[in-house]
Amino acid sequence: MTHFLESAPSLQSGSSKRSSRKIAIITAVRERRSMGLDDLVRAFGVSPATIRRDLADLEDQGLLARTHGGARTLPASEVPVGLRDAQYREAKTRIARCAATLLPEGPCVVAIGGGTTAAGVARALMFRNDLTVVTNSVTTASEIGGRPNLTVVVTGGVVRGHSLELVGALAESTFNAVTVGTAILGMDGVSAAGGATTHDGTEARTNSVMARRAQRVVVVADSSKIGRVTTAWVAGLDDVDDLVTDDAADPDELDRIRRHGVRVHTVAVPGLPGAAVAVRSPH
């Protein structure tokens with residue numbers, strides 16, 4: 001019962017603590033296919049009533065199914081953005097700060113996609129001057145849209161509830177109408193075998209347009225995404241210039257990604273499972 005607890009994010013206070021526990025519950029149930037209520041209570045050190053509330057919330061979001069004695073897994077599904085923000089929080093913050101340093105000095109146009117790590121890049125850039133941000137992320141637009149030093153362009157499109165991204169033809173037409181210096185993309189999977197991938201086909205098409213319109217593509221993804229291949233293809237590694245991740249990523253997979261010509265940058269995050277010596281590689 002220790003494997004998933006060790007691999008889950010460290011628990012924090014308040015709502016972040018509950019989000020982290022929910023993520024760990026999803027991981028535990030998926031690994032074992034089903035778990036009893038008593039096992040979950042012992043694993044997470046909370047009351048049966050607390051576990052029942054968590055299971056009810058997760059079932060409402062389609063992430064698992066409750067049973068009479070606990071919960072069982074469902075086919076793999078995407079974790080909603082509200083929970084994802086608690087996953088690998090420190091890693092995502094450091095990845096975002098590193099990615100922000102890759103932008104050139106002076107006036108430039110940057111496209112920023114959806115996801116918690118990409119939103120972190122936007123926060124790291126909010127004090128820059130002469131920066132135009134084009135985004136299809138409702139989260140990013142709400143956080144930086146009021147900054148007087150930034151020009152923020154928001155695409156149209158259909159709101160995708162899981163990620164709070166604007167997707168579809170309207171979003172794609174906005175990206176097609178602008179010239180972007182750098183695109184910042186958060187991905188659900190990055191691998192030598194599958195390239196850059198995400199969970200949703202419509203989201204992937206919008207991100208693909210964003211990448212094609214950019215002179216430089218920077219993918220930001222924590223170590224849990226490295227080596228993964230998810231449902232929908234966004235870009236091949238030949239179209240990715242830089243990958244920013246953390247030092248718990250599989251070093252062999254990072255070497256395979258480098259062989260496609262991607263510059264790999266890793267940030268040190270103490271305490272992550274499998275964390276190694278940090279390396280920042282230009283090639």
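Guide: The dialogue below takes up sheets, helices and a loop residue. This is a predicted model, in which local features need pLDDT of at least 70, side-chain atom pairs count only at pLDDT 80 or more, and totals for chains, interfaces and linings use all residues. Residues are numbered from 1 along each chain as its sequence is written, and side-chain values use heavy atoms, with hydrogens and water left out.

Visitor: How should I read a sheet, and in what order do the 7 strands of the open sheet stand?

Guide: Strands of a sheet pair through backbone hydrogen bonds, either parallel or antiparallel. Helices (H or I, at least four residues) and strands (E, at least two) are DSSP runs, numbered from the N terminus. Two strands pair if DSSP finds at least two bridges between them. Here, 7 strands make an open sheet with parallel pairing, in the order 6-5-4-9-12-14-15. Strand 6 (150–154) and strand 15 (263–267) are the edge strands, each pairing on one side only. From one strand to the next, the twist averages 20 degrees; axes are lines fitted to C-alpha atoms, for helices over the stretch in contact, and angles run from 0 to 180 degrees between N-to-C directions.

Visitor: Which residues stand opposite one another in strand 12 and its partners?

Guide: Strand 9 and strand 12 run parallel and are joined by 6 bridges, with I184 opposite V218 in strand 12. Strand 12 also pairs with strand 14 in the parallel sense, over 3 bridges, and there V219 has L243 of strand 14 as its bridge partner. L243 also stands opposite V264 in strand 15; strand 14 (residues 242–246) and strand 15 are parallel over 5 bridges.

Visitor: Is strand 12 mostly covered or mostly uncovered?

Guide: A residue is buried under 20% relative accessible area, exposed over 50% and partly exposed in between (1.4 Å probe, protein chains only). Strand 12 is mostly covered, with 5 of its 7 residues buried. Helix 10 (residues 201–212) lies across strand 4 (108–112), strand 9 (180–186) and strand 12 (214–220), at about 150 degrees to strand 9.

Visitor: What is the order of the open sheet that has 3 strands?

Guide: That sheet has the order 1-3-2, and its pairing is antiparallel. Strand 1 (34–36) and strand 2 (64–67) each have a single partner strand, so one side of each is left without a neighbour in the sheet. Neighbouring strands here are turned by 20 degrees against each other on average, direction ignored.

Visitor: How many bridges join strand 2 to strand 3?

Guide: Strand 2 and strand 3 (residues 70–73) run antiparallel with 4 bridges between them, and A71 in strand 3 is the bridge partner of R66. A hairpin through 2 residues joins these strands. On the other pairing, strand 1 and strand 3 are antiparallel with 3 bridges, and G36 stands opposite G70 in strand 3.

Visitor: How does one describe two helices that pack together?

Guide: Two packed helices are described by the angle between their axes and the distance between the axes. The axes of helix 3 and helix 4 are 9 Å apart, and the helices pack at an angle of about 105 degrees. That makes helix 3 roughly perpendicular to helix 4; angles under 35 degrees count as roughly parallel, over 145 as roughly antiparallel, 65 to 115 as roughly perpendicular and the rest as oblique. In contact (heavy atoms within 4.5 Å), L37, L40, V41 and F44 of helix 3 meet P48, I51, R52 and L55 of helix 4. Helix 4 (residues 48–60) also lies across strand 2 and strand 3, at about 135 degrees to strand 2.

Visitor: Why do the ends of helix 6 agree with its number of residues?

Guide: The expected span of a helix is 1.5 Å times one less than its number of residues. Helix 6 (residues 89–100) has 12 residues and should span 16 Å; its end C-alpha atoms are 17 Å apart, which agrees. Its buried residues are A91, K92, I95, A96, C98, A99 and A100.

Visitor: Is T155 buried or exposed?

Guide: T155 lies in the loop between strand 6 and strand 7 (158–160). T155 is buried, with a relative accessible area of 4%. Not counting residues up to four places away in sequence, T155 touches T135, N136, L166, A171, T174 and F175.
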